[in-house]
Amino acid sequence: MLTQGAGGNTSVKDNGWLWVKASGAWLEHAETKETFVPVPVAIILDGLAIGEDRKAEWTAPSGKVLRSSIETSLHAVLPDRWVFHLHTVSSMLWSAMEGRIADVADRLEGLPWELVRYDRPGLPLTRAIVERLESKPQVLLLENHGLVVSGDSCAEVNELMLETEQRLFLSARQMESADTESLSAVVPERYHSAHYADAHWCATDPAAFEAAIKGIPAPDFAVFLGARLVGVRTGESIESAAATYRREFGIEPAVFLLEGQGAVLRDSVSDNGELLLEALGRMLARLPNGAKLTYLPMPEILGLLDWDAEKYRQSLIE
Ligand SMILES: [Zn+2]
């Protein structure tokens with residue numbers, strides 16, 4: 001519920017150095033693998049002042065080269081010593097729900113929090129955060145993205161993070177599990193049934209299916225699962241759904257959601273993608289009745305994927 005794969009990053013500032021999670025490293029492995037990169041805070045802030053997104057490469061004691069997270073500047077601009085940035089299931093859900101900000105305000109009442117408008121991870125998001133720092137917030141809800149919690153001690157930040165999570169928590173609805181045996185009979189070549197059970201909820205539950213195929217609610221879903229999740233309605237063929245996606249984006253889809261049956265992923269999708277689809281299932285199981293999600297606009301998704309927006313536009317015309 002707190003983190004999936006390489007998503008999210010934490011940091012601590014010490015004597016002018018920012019120790020921040022390395023890009024691609026998993027918080028889950030932080031106690032057993034080299035995970036953190038030291039970066040001089042002044043270098044990042046000087047870069048920010050001239051519009052440069054500076055990151056650092058560092059050779060760890062083992063000889064492994066680590067590169068600081070793409071969200072390094074976000075950690076540097078926050079004045080607090082400890083910073084947790086997480087894509088928690090609850091914060092991704094609340095920050096993507098349409099017109100529910102009054103509910104969030106009720107739930108977080110009394111906490112030093114601010115809402116940060118959506119912008120792309122990296123310098124644009126960091127600038128959006130800087131706009132909200134006047135009230136000295138310690139909890140930031142990042143629209144269509146996740147959560148940042150900061151403070152002077154690790155214990156304090158941990159406690160504040162858990163308090164925030166508890167207040168934002170919604171129980172999952174009763175969801176239908178996938179019949180993996182009948183699903184495996186229809187899985188196309190070079191695809192497999194989703195590894196994590198909750199990922200199937202995106203396809204087995206009618207409301208979750210409709211919400212999942214409508215768009216991408218937060219950046220990591222695009223980064224690890226592609227421009228959209230391909231819904232295959234009952235009676236429709238997987239091949240024709242795949243052909244539409246290929247025409248739009250020029251590649252094979254990462255995910256098919258087979259209506260009422262379950263989720264299948266392309267074999268080349270990393271475990272990051274499997275975990276993101278599990279998180280999406282858990283999010284959609286908590287989407288209140290009648291609530292709607294907001295989605296990232298397609299040009300933004302193409303930007304996140306570094307795909308050519310003009311080629312995409314052409315594909316829609318042809
Ligand atoms: Zn993030």
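Predicted model: local features only at pLDDT ≥ 70, side-chain atom pairs only at ≥ 80, totals over all residues.
Helix H3 and helix H12 cross in a right-handed sense; a crossing is called right-handed if the near helix is turned clockwise from the far one by less than a right angle, and left-handed if anticlockwise. Helices (H or I, at least four residues) and strands (E, at least two) are DSSP runs, numbered from the N terminus.

Residues are numbered from 1 along each chain as its sequence is written.

Axes are lines fitted to C-alpha atoms, for helices over the stretch in contact, and angles run from 0 to 180 degrees between N-to-C directions.

Which residues make the contact of H3 and H12? Val89, Met92 and Leu93 contribute from H3, and Ala279, Arg282 and Met283 from H12, where contact requires C-beta atoms, placed from the backbone, within 7 Å.

H12 also meets helix H9 (residues 206–214), with axes that come within 10 Å and cross at roughly 125°. H9 and H12 are therefore oblique to each other, and their crossing is right-handed. Here Ala208, Ala211 and Ala212 of H9 meet Leu280, Gly281 and Leu284 of H12.

I turn now to the sheets. Seven strands form an open sheet of mixed pairing, in the order E3-E2-E1-E6-E9-E8-E7; two strands pair if DSSP finds at least two bridges between them. Its edge strands are E3 (36–40) and E7 (113–116), and the twist averages 20° from one strand to the next. Strand E2 (residues 17–21) and E3 run antiparallel, joined by five bridges. Helix H1 (residues 41–49) lies across strand E1 (9–14), E2 and E3, at about 65° to E3.

Another open sheet, also of mixed pairing, has four strands in the order E10-E13-E12-E11. Its edge strands are E10 (191–193) and E11 (230–232). E11 runs parallel to strand E12 (residues 255–258), with three bridges between them; Gly231 has Leu257 of E12 as its bridge partner.

Technical notes:
Contact = placed C-beta atoms within 7 Å. Parallel < 35°, antiparallel > 145°, perpendicular 65-115°, else oblique.
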